[in-house]
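Good morning, and thank you for joining this group meeting.

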Amino acid sequence: MSTKRQLAQQLGVVGGFDDPTVELEQYRTPPDLAAHLVHVADLQGDIDGRTVLDLGAGTGMLALGAALRGPERAIGIDIDRGALQTARRNERRVGTTTDIGWIHADATRAPLCIDDAVVLMNPPFGAQDGNAHADRAFLKTASEVASVSYSIHNSDSQAFVDAFAGDNGGEVTRAFRAELDLDRQFEFHSENRRVVDAEVFRIEWDR
Ligand SMILES: C[S@@+](CC[C@H](N)C(=O)[O-])C[C@H]1O[C@@H](n2cnc3c(N)ncnc32)[C@H](O)[C@@H]1O
C-alpha cells in the first residue's frame with residue numbers, strides 16, 4: 001500500500017475544473033484531504049475489493065484516490081458533463097488500472113441498483129442561494145446505495161449529520177475535522193487562497 005503522502009503526491013496531478021460553476025459549488029477537493037480520507041477508509045477495510053461511489057465526483061479526485069488503492073471498481077457521478085470530461089482527463093493523468101465508470105446523472109436521484117457500495121463524497125454544502133441543504137440529498141442517496149459512506153461537510157455539521165443518520169438507518173462511527181485549502185477560482189473571492197473548516201463523517205448504514 002502506498003503511504004498517505006505518496007497517495008497525495010499521485011493525486012497532485014488531478015487538474016481543477018475548466019469552467020467552474022458557482023451554483024454547483026465546483027471546487028477541487030484538495031489532494032491532501034482526499035488522500036487522508038481515502039487512507040482512513042482503506043485502513044478501515046472500506047476500499048479493497050469494494051465498489052466505491054463518488055457522488056458529485058467533479059474532477060474525479062475522490063474516485064481516483066480510491067482507484068489507486070485497489071477497489072473492485074470505482075464509479076463517479078456528476079450532474080455536469082464538463083466536469084466528467086475533466087475527470088476522464090484526470091484518470092489518464094493518474095494512470096490507474098482500476099475499472100472506473102463516469103456517469104452523467106443527478107446524484108440525488110440514485111440512478112443505481114446497488115446497496116452495498118462505499119460512498120466517498122464532497123457534496124455541495126448548500127452554501128449558495130437556492131441550494132440550501134444540498135448535502136442532505138446526497139446523504140439520502142448514500143443511505144440508499146451504501147453500507148458505508150464518508151462525506152465532507154462544512155463545520156458544525158455534527159448534530160445535523162448525527163440526526164440525519166439516526167433518522168435514516170445509519171450511525172456515525174467516526175468523525176474528524178479537516179481543512180479545505182482552496183485556490184481562488186471565482187471572481188468574487190477576494191483572496192488568492194482561503195481555508196474553509198470542514199468535518200468528515202464515516203457512517204455505517206443498515207442493510
Ligand atoms: C465540491 S464539488 C466536488 C469536488 C470533487 N470531489 C472534486 O474534487 O472535484 C461538488 C460537485 O458536485 C457536483 N454536483 C452538484 N449537484 C449535483 C447533483 N445534483 N448531482 C450530481 N453532482 C452534483 C458539482 O458539479 C461538483 O462537481
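This is a predicted model: local features need pLDDT of at least 70, side-chain atom pairs count only at pLDDT 80 or more; totals for chains, interfaces and linings use all residues.

Strands β2 and β3 pair in the parallel sense, over five bridges. Two strands count as paired if DSSP finds at least two bridges between them. Helices (H or I, at least four residues) and strands (E, at least two) are DSSP runs, numbered from the N terminus. Within this pair, Gly76 has Trp102 of β3 as its bridge partner. Between β2 and β3 the chain passes through helix α4, residues 81-94, and this β-α-β crossover is right-handed. The term right-handed applies if, with the strands pointing away from the viewer, the path from the first strand over the helix to the second runs clockwise.

Residues are numbered from 1 along each chain as its sequence is written.

Let us turn to the sheet as a whole. In what order do the seven strands of the open sheet stand? The order is β3-β2-β1-β4-β5-β7-β6, with mixed pairing. At the edges are β3 (100-104) and β6 (170-183); each has a single partner strand, so one side of each is left without a neighbour in the sheet. On average, neighbouring strands of this sheet are turned by 20° against each other, direction ignored. For such angles, axes are lines fitted to C-alpha atoms, for helices over the stretch in contact, and angles run from 0 to 180 degrees between N-to-C directions.

Helix α2, residues 31-43, packs on the sheet and touches β4 (117-121), β5, β6 and β7. The direction of α2 makes about 160° with that of β4. Contact here requires that the C-beta atoms of two residues, placed from the backbone, lie within 7 Å. Helix α5, residues 134-145, lies across β1 (51-55), β4, β5, β6 and β7, and runs at about 165° to β5.

Strand β5 (residues 146-154) pairs with β7 (residues 193-205) in the antiparallel sense over seven bridges. In that pairing, Ile152 has Val200 of β7 as its bridge partner.

His153 also belongs to strand β5. Is His153 buried or exposed? His153 counts as buried because it has 23 C-beta neighbours inside 10 Å. The cut-offs are these: 20 or more other C-beta atoms within 10 Å make a residue buried, 12 or fewer make it exposed, and anything in between is partly exposed, with C-beta atoms placed from the backbone. Leaving out residues up to four places away in sequence, His153 touches Phe125, Asp135, Val161, Ala198, Glu199 and Phe201.

Asp156 lies in the loop between β5 and α6 (158-167). Although Asp156 is not a glycine, its phi is positive, about 65°. With 9 C-beta neighbours inside 10 Å, Asp156 counts as exposed.

Finally, the ligand. Of the 22 residues around the ligand, Thr29, Gly56, Gly58, Thr59 and Met61 come nearest; a residue is near if its C-beta atom, placed from the backbone, lies within 6 Å. Helix α3 (61-67) and strand β2 (73-78) each supply at least two residues of this shell. By class, the shell has ten nonpolar, seven polar and five charged residues. Here Ala, Val, Leu, Ile, Met, Phe, Trp, Tyr, Cys and Pro count as nonpolar, Asp, Glu, Lys and Arg as charged, and the others, Gly among them, as polar.
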